[in-house]
Amino acid sequence: MKTGLGLYHHMLTRENFQFARQAGATHIVAHLVDYFKGGAHSARDNQPAGTEQGWGAAGDANALWSLSELLALRKTIEAEGLKLEAIENFDPAHWHDVLLDGPKKKQQLENVKTIIRRLGQAGIPVMGYNFSLAGVCGRVSGPFARGGAISVGMDGPLDTPIPNGMVWNMVYEPDAHEGTVPSITHDQLWQRLGDFLEAVLPVAEEAGVKLAAHPDDPPLPAMRGQPRLVYQPHFYRRLLDLKPSPSNTLEFCLGSLAEMTEGDIYQTVEHYSRQGKLAYVHFRNVNGKVPHYRETFVDDGDIDMLRVLRILKQNNFDGVLVPDHTPQMTCAAPWHAGMAYVLGYLRAALQTLESE
């Protein structure tokens, strides 16, 4: 197993690549979507928070990520002794009508295909995605973690409908007419996912790229009047069976899976890792389950993380473990300190497993 670090768009800098290497990471998961472009947020080093009006503005609909910028990013990361493992999340500007089943769906499926082909050409093996209308929303922040460290959680569902021009918690059309996105059924959402996988997986297979699906975060059956896909562990099975393919894999988020109201986290890890379907793992811990939970330090939550690592090792998982987010520590560099803490824990745990 390998240690990695996820970096937001504005954090893809030489200094942060050096920090990652110094803290023991060997791989990077890069976010090319700028979640902090407008909108109300916590500190830019923290995970995006936003409001009911979303995280902020989506990117340029006419500017897909180019092969040259993907290659340049990979080479810059490699120059610091790291490897670029994955790009995480499509920009809503490039695929909003794939999610919404809108008039630009056919064109935007071609957008996704182009992006995946370019990842393959750039030598980037994984594309993480979250097929959701509401996206990550409805969370609160506060001094929830050990010692009063700032963390995020949830204090009940968010039922406010999504305004027109927004999807996946980002605004892709700021001048959209008033009103809200019509609600759909769970079956309709699964049909849209099926259309997406049917169109895109053959291209991913040819490009040598794995598509890695993130579970719903927070994992409730519905958010903002819209259904969710993977809000219980068994729905991952439905996703994999919908279109069997070596490129149909999982962005396996331990925190989101532990927040679910059904299933056992250790059985879930055992089930999916034994099948070899984990592209990479989000390595974080939580207390509680939806709709009331708190994110914790990695050694202080409901999950026995060392037990999880033992299961992964027994099932020969050799992919990347990424602390996707963690409580902020009280110092001059809250995000960096928090991430260094997780990476230190992770390296020690992996060394322990090797010695066993």
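User: Where is asparagine 169 found?
Analyst: Asparagine 169 sits in the loop between S8 and S9. Helices (H or I, at least four residues) and strands (E, at least two) are DSSP runs, numbered from the N terminus. Please note that this is a predicted model, in which local features need pLDDT of at least 70 and side-chain atom pairs count only at pLDDT 80 or more, while totals for chains, interfaces and linings use all residues. Residues are numbered from 1 along each chain as its sequence is written, and side-chain values use heavy atoms, with hydrogens and water left out.

User: Is asparagine 169 buried or exposed?
Analyst: Asparagine 169 counts as buried, because its relative accessibility is 2%. Buried means under 20% relative accessible area, exposed means over 50%, and partly exposed lies in between (1.4 Å probe, protein chains only).

User: What does the side chain of asparagine 169 reach?
Analyst: It reaches the backbone oxygen of valine 136 at 3.0 Å. A polar contact is a pair of N or O atoms within 3.5 Å; within protein, one must be able to donate a hydrogen and the other to accept it, and residues adjacent in sequence count only if both atoms are side-chain atoms. Asparagine 169 is also 6.8 Å from cysteine 137 in space, C-alpha to C-alpha, although the two are 32 residues apart in sequence.

User: Now to helix H3. How many residues of H3 are buried?
Analyst: In H3, 9 of the 9 residues are buried, so the helix is largely enclosed by the rest of the structure. Among these buried residues are Trp95, His96 and Asp97.

User: What do the buried residues of H3 pack against?
Analyst: They pack against H4, strand S5 (126–129), strand S8 (166–167), strand S9 (170–171) and H5. Contact here means heavy atoms within 4.5 Å.

User: Let us turn to pockets. What space lies in the largest pocket?
Analyst: The largest pocket holds about 490 Å³ of space. On a 1 Å grid over the protein atoms alone, a pocket is an open set of points with protein on both sides within 12 Å along at least five of seven lines, whereas a cavity is a set of points where a 1.4 Å probe fits but cannot get out; lining residues have an atom within 4 Å of a point. Grid points are joined across faces, edges and corners, and a volume is the space filled by probe spheres set on the points.

User: Which residues are closest to the centre of the largest pocket?
Analyst: Of its 28 lining residues, His96, Asp97, Leu100, Tyr172 and Glu173 are the closest to the centre. The largest share of the lining, 4 residues, comes from H3.

User: And the classes in that lining, what are they?
Analyst: The lining of the largest pocket has 14 nonpolar, 10 polar and 4 charged residues. Ala, Val, Leu, Ile, Met, Phe, Trp, Tyr, Cys and Pro count as nonpolar, Asp, Glu, Lys and Arg as charged, and the others, Gly among them, as polar.

User: How many cavities of 30 Å³ or more are there?
Analyst: The structure holds 5 cavities of 30 Å³ or more. About 280 Å³ of space lies in the largest cavity, and Tyr8, His31, Glu88, Asn89 and His325 are the closest to its centre among 22 lining residues. The second largest cavity has a volume of about 60 Å³, and its lining includes Tyr129 and Phe131.

User: Which residues touch the most other members in the largest nonpolar core?
Analyst: Ile87, Tyr129 and Phe196 do, in a core of 107 residues. A nonpolar core is a set of buried Ala, Val, Leu, Ile, Met, Phe, Trp, Tyr and Cys residues joined through side-chain atoms within 4.5 Å. Helix H5 (residues 186–207) gives the largest share of this core, 10 residues.

User: Lastly, where is arginine 228, and what does its side chain reach?
Analyst: Arginine 228 lies in the loop between strand S12 (226–227) and helix H6 (235–242). Arginine 228 counts as buried, because its relative accessibility is 1%. Its side chain reaches the backbone oxygen of proline 218 at 2.9 Å, and a polar atom of that side chain lies 3.1 Å from the backbone oxygen of aspartate 217.
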